[in-house]
Amino acid sequence: MEAVLAQTTGFFGERPVAAGLSDVFSAVWVHRMEERDAPPIVITPDATIDLQWIDGRFRIAGPDKEPQIERLAAGGVVVGFRFRPGAAGGWLGVPASEIVGARLDLRELWGRRARELTDHIKAAPGLAGLLRQLEEAVGKRTEGHDALDPLMGRAFDVVDEGRPPDAPLVALLLARLNMSERTLRRRFEDAFGYGPKTLDRILRFHRFRRLRKKAGNASTAALAIEAGYADQAHLIRESRRLTGVTPAALMNATAAFP
């Protein structure tokens, strides 16, 4: 069965997390697979790290640098808590560079503490009840836990905003964050799992996708330049690298999602 892009099959929805979680997590999302013949799904890099509840356990979906294919059971449900930029390492207790590309059972990182967290989740009659239990359990682990790295959150925003074509990325970050290049690269590895250029590549592509969504029928070449690419060919190369398909194929798949 041919793989499809994540969020283009089954049901996908997200909302902000409960107030007690918002210092560490930006959103909670749910992906319910088709009840039958669920296809493999392609996960594309999006510069995020998730704590996920799947098959009765917590796992960590680390930061991706290239597309990954996941095969989930028909009718299966995944609930994800999306970490704020710069918060995952502090909450998990490991640098993000150690979980790049990983789908890792939380017990492998935490052992008994992960089992205790899982024990708070009981059988629930519906999805709303499950979400309530998950938020309460994760909230107890998060309360009073100073996990967010504000400086790396700021670094993420600087990269996400884009930069003038003539402004070297690392030099811009050094000036904005007031730190040495060695410290900058180490902090990026700890917070995001990779260096500034990789984060810039991923966020630039998502900037293009946001512009495309807002601009409708605008020229792809013009949007590529606005997003920060040298030209349309540069965009196509990066799209294939990050998603496995061209921007046109990606937009067609997204448009088909109900």
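Student: Which residue in E6 does Trp53 stand opposite?

Tutor: Happy to start there, with a predicted model in which local features need pLDDT of at least 70, side-chain atom pairs count only at pLDDT 80 or more, and totals for chains, interfaces and linings use all residues. Residues are numbered from 1 along each chain as its sequence is written, and side-chain values use heavy atoms, leaving out hydrogens and water. Strands here are DSSP runs of E with at least two residues, numbered from the N terminus, and two of them pair if DSSP finds at least two bridges between them. Strand E5 (residues 50-54) pairs with strand E6 (residues 57-61) in the antiparallel sense over five bridges, and the residue opposite Trp53 is Phe58.

Student: Which strands stand at the edges of the sheet?

Tutor: The open sheet has six strands with antiparallel pairing, in the order E2-E3-E8-E5-E6-E9. An edge strand has a single partner strand, so one of its sides is left without a neighbour in the sheet; that describes E2 (11-15) and E9 (103-105).

Student: What is the bridge partner of Val30 in E8?

Tutor: E3 and strand E8 (residues 77-83) run antiparallel, joined by seven bridges. In E8, the partner of Val30 is Val79.

Key. Helices (H or I, at least four residues) and strands (E, at least two) are DSSP runs, numbered from the N terminus.
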